[in-house]
Structures are given as structure tokens and as C-alpha cells.
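This report concerns a single protein model and the way its parts are held together. The sequence and coordinates come before the discussion.

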Amino acid sequence: GNPLCGLAGRYEDARRWLRLARGAVARIGDPGRLEVWLEIEEGWEQVYEGKTTDLFERALQRARSAGVDDPRRRASAYAGMAEMAGNFGRSDEACDFDRRAMAEYEEAVGAEHPLVAQYLGDLARDQIDAGKYADAIASASRALRILDADAQRGDLAAESHQRAYVEQQLG
């Protein structure tokens, strides 16, 4: 799938790419990992279109039943569920899913990885929407500390991109 098609509003292109991917997966007889990935990508495309979906939950169930242990995929599914909940005004639920996504990603890459800062930015945005301003400041501050440490190690490109993302979430 091409999630950037959905981000750019090119939903028909995204659906076409996902149909092609699903056909390829059917031909090769995937034991589960690719099906999980496809359901998550299809879920994101529906979220980008402002729809509600159970694809993220189905992907998590499929992963469990197929023995697919991939914390990055779980993080993406929980992040999608958070985005969907936030889109429909369920900010407290979105915060819960954000925390689960962040915990999965921390398991995958470590608590101080710069991409964890992105999940913290998402959490901060949903905390603001839920009226939990002190929590939002704490989440954003942690994200910025992670990014500052990353910049100190010399990764300025990733740091500046992620910093802009976190700051955008805070308005």
C-alpha cells in the first residue's frame, strides 16, 4: 500500500495499490505477516478518508492468531485506532490508544528513539483535545528532550522534522 496517497487525498490511487498488494499476497500464500500489514494499511486509508473501521482490531487479532510478534505493526494499529477515536471526538479513548502505541514502539526501538517523540506528539495532541493540558505539556516536553538528545548525537535532519511535528501538535 501507499499511505502517502491517502495523506495526499488520492484515495482511489491508495485503494488501487492496496488491491494490487492484496492480490500479490493471495498469490504467494502469506502465513499472516503480510495480511496483518495490509489490514493496517487499509485501516489507515479509511481513517484518512474520515471513516470508521474495525481493520486495526482485525489486524491485531490476526497477528495474535498467526503468531506474528511485531511491535511496530501493533504500534501502527493502535496509532490508527487513536487517530480514528480522535477524529470522532473520543479524546480519552484516543489517549489510551496513543499510550498503547507508544509502549509498543518503545518495545521495538527503545524509549529514547526519535520516532517515539512522534507518538508522544500524537499523545500530546489528544491530551489537549481531552483537556488534559498538564499531561500534554509533560508528553511534549519528553518528546522535545528525546529530540534534543538526538540532535546532540548529530541527527539534525530527523530531529528538525520530528521537532516540527511535535510543535505542530501543540499548536
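The text below goes from the overall fold to the core, then to one helix and to the salt bridges.

**Overall fold**

The model is predicted, and local features are taken from it only where pLDDT is at least 70. The protein contains 9 helices and 0 strands. Its pattern along the sequence is accordingly α-α-α-α-α-α-α-α-α. Of the 171 residues, 43% are buried. Among contacts with a separation of 6 or more, 55% are between residues 24 or more positions apart.

**Nonpolar core**

The largest nonpolar core comprises 29 residues, and Ile40, Phe56 and Tyr119 have the most contacts inside it. Six helices each supply at least two residues of this core: α3 (33-48), α4 (55-66), α5 (71-87), α6 (91-109), α7 (114-129) and α8 (133-152). The largest share, 7 residues, comes from α5.

With its neighbours within four places in sequence left aside, Ile40 is in contact with Phe56, Ala59, Arg73, Ser76 and Ala77.

**Helix α4**

α4 has 12 residues and spans 16 Å from its first C-alpha to its last, close to the 16 Å expected at 1.5 Å a residue. Just after the helix, Gly67 takes a positive phi of about 70°.

**Salt bridges**

The whole structure holds 13 salt bridges.

| Side chains | Distance (N to O) |
|---|---|
| Arg58 and Glu39 | 3.6 Å |
| Asp54 and Arg58 | 3.6 Å |
| Lys132 and Asp92 | 3.1 Å |

The salt bridge between Arg58 and Glu39 links distant parts of the chain, with Arg58 in helix α4 and Glu39 in helix α3, 19 residues apart. How exposed are the two partners? Arg58 is partly exposed at 38% relative accessibility, whereas Glu39 is buried, with a relative accessible area of 2%. Glu39 counts as buried because its 2% lies under the 20% cut-off.

Arg58 also meets Asp54 in a salt bridge. Asp54 is partly exposed, with a relative accessible area of 39%.

The side chains of Lys132 and Asp92 meet at 3.1 Å. This pair too links distant parts of the chain: Lys132 lies in the loop between α7 and α8, and Asp92 lies in helix α6, 40 residues apart. Both partners are partly exposed, Lys132 with a relative accessible area of 29% and Asp92 with 43%.

Conventions: Residues numbered from 1 in each chain as written. Predicted model: local features only at pLDDT ≥ 70, side-chain atom pairs only at ≥ 80, totals over all residues. Heavy atoms only, no water. Core = buried A, V, L, I, M, F, W, Y, C linked by side-chain atoms within 4.5 Å. Buried < 20%, exposed > 50% of the residue type's maximum accessible area, 1.4 Å probe, protein only. Helix = DSSP H or I, 4+ residues; strand = E, 2+ residues; numbered from the N terminus. Contact = heavy atoms within 4.5 Å. Salt bridge = Lys/Arg side-chain N within 4 Å of Asp/Glu carboxyl O. Expected span 1.5 Å × (residues − 1).
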